[in-house]
Structures are given as structure tokens and as C-alpha cells.
Amino acid sequence: RELVWRHGKGWDQLSSTEQSSLRLDATNDLVDQQLLKQWSTKNPAMATATQTEHDFQQFLKQFESPDGWQERAEMQGLNEPQLRQMLAEESGQQAALEAYLVERARVTDEEAQIWFLGHQQEMHIPECVRANHIFLSGHDKKKPDRTAEINAIYQRLIQKEVEFSELAAKFSEDDRSNKKGGDLEWLTRNRVPKEFAETVFSLSPNEISKPFQTPLGWHIVWMRERLAPRLPLFTEVRTEISAMLESQKREALLQKLMHELRENARIIRNERLIQATPPAQ
């Protein structure tokens, strides 16, 4: 019932094959939940009240309407205190798992460096430039052609009436960069539209482009710096490598733990009864 509820599906709307598959998933989930519950009882770690409340609020966010969770809870036969208790138990299990994994999954600098030396070529950093831009949108139906506007801004630039960053702050319609003087920070070719990249990467350092148009709108770009393609230094990618290796360790440790719990448990499955059981009302 809980699995059907969490997936937001109606049981009677599922085919017999889907119902059979969902029963199997539910049974495996229940076995894993029970094994983890028994294990976390023997290896307790308290979840903080803050974390428990955070988990409850995250749970509520999956519902479109503010009262959606209450309707679902009633379908499962739960009131709010019972639902909170259920989620608190899950938080406690997660806290126990985190305490189990945190040290075992820790990645040393030596491990990260060994991986780096074996995969450095794969982490090749492409050519990149740092640029600022002034952008006028091409999607304003009231202004189908903004060539005159962008040219007027360009004239003020080449006559050095106003600094590029000031004009970007005043006229650019890119809300992500205009408050920073149009600074787009470091860009690689694959991070920007092809038509934009062709112009930006054709510029020399400290060169300002003439106004140009792309499917997005009209642009003026100031290409400030260029970095040639290169291999990264270990210090630049150590954090990324460590996070990736830690994630792999955690997954392997969790699979190993669940395998050991299943191997050491006595699990009896009554398949006839499982397949005959509908979600509880």
C-alpha cells in the first residue's frame, strides 16, 4: 500500500503484470526496511530534531497542493503524529547508516592522487575564455529589430564615453550577469550556443566585438582573457575526485552491508500469499 501511495498510482488501474511487479518490489522493500531497522537498533545513532523536521518538510514538497500530503496520509491510515514518527524512524536509520559510512567511505589524498594519475588525460581542460557581454533579447515582440539599439551602445563604447561594465549594468538584459558588469566568467565552447561561441572564441584578449546577432538576440562581447587547453593540476580537481570516489565507496559499502544482512537473516517468502494480497484498505 505504501509503495502504491508513494508512486501516486491507482492499484485498479495497473495491469496484472504491473501489480505482480509492484508486489515483488514492495516485498523486497519491506525485507530491506526490516533488516535495516534491526541493524540500526543494534547500531543506534540519533537523528537531530532539526534533521527530522527537515526530512518532514522535504516530504511535504513532493505534493502539488498544501493538503495533498494529508489526503495521502489518510489513504495510508496515518495521522500527522504517526506520519512524523514514521519519518523520524527513517531519519534514525539514515543517521545510523551515515555513522557507519562516514569513516569507512573516507577518501585519502593518496587514493585521490592515484586515481588522478591514472585518469589525468580524461580530465583534459579545453580552451576557455573569460568574457563580459551586453545582451538585448530577441524575444521582445514589441521590439522585433534591435539593431539600432545595440549599435548605439557600441558607439558609446568605441568613443569611450562609458566603461563596458557600466553599459552592461544599465542596458544588458541578461539578469544573471548584468549586475556584475556583464561578467560571464570562464566559458568553454561547449557551454555556450554555437553562434555565440564562434564570435567569442575568434576574439583576441582585451578585444571588444562588433555587435552581432544570434537566435537569442543581439550581443556585444568583451573577451578579456584566454587560457589554452591543458591538463589539470591535482590541486584543481582533488575535491571533485574525492567526492566521486567517496560516492563509489558509499554505494559499494551499502550494497555489501545489505548483502551481509540478507545472508545472515532467515527470510521466508510466501509467494502464494504475496501474489494474492491487494494493498490494504
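Which residues is histidine 219 in contact with, leaving aside its neighbours within four places in sequence? In this predicted model, where residues are numbered from 1 along each chain as its sequence is written, local features need pLDDT of at least 70, side-chain atom pairs count only at pLDDT 80 or more, and totals for chains, interfaces and linings use all residues. Side-chain values use heavy atoms, with hydrogens and water left out.

Histidine 219 lies in strand β5, which covers residues 217–227; helices (H or I, at least four residues) and strands (E, at least two) are DSSP runs numbered from the N terminus. With neighbours within four places in sequence set aside, histidine 219 is in contact with His133, Ile134, Phe135, Ile150, Phe196, Lys210, Pro211, Phe212 and Thr214, contact meaning heavy atoms within 4.5 Å. The relative accessible area of histidine 219 is 2%, and the residue is buried. Buried means under 20% relative accessible area, exposed over 50%, and partly exposed in between (1.4 Å probe, protein chains only). The side chain of histidine 219 also makes a polar contact of 2.8 Å with that of threonine 214. A polar contact is a pair of N or O atoms within 3.5 Å; within protein, one must be able to donate a hydrogen and the other to accept it, and residues adjacent in sequence count only if both atoms are side-chain atoms.

Aspartate 174 is placed in the loop between α8 (164–171) and β2 (183–188). This residue counts as buried, at 11% relative accessibility. Residues up to four places away in sequence not being counted, aspartate 174 touches His133, Phe135 and Leu184. The side chains of aspartate 174 and histidine 133 are joined by a polar contact of 3.0 Å. Glutamine 159 is 15 residues from aspartate 174 along the chain, and the C-alpha atoms of the two are separated by 24 Å.

As to the whole chain, the protein has 11 helices and 5 strands. Its radius of gyration is 29 Å, well over the 19 Å that the globule rule gives for 281 residues, so the protein is more spread out than a compact globule. The radius is taken over C-alpha atoms, and the rule is 2.2 Å times the number of residues to the power 0.38. The C-alpha trace spans about 80 × 55 × 40 Å along its principal axes. Of the 281 residues, 34% count as buried. Among contacts between residues at least 6 apart in sequence, 73% join residues at least 24 apart.
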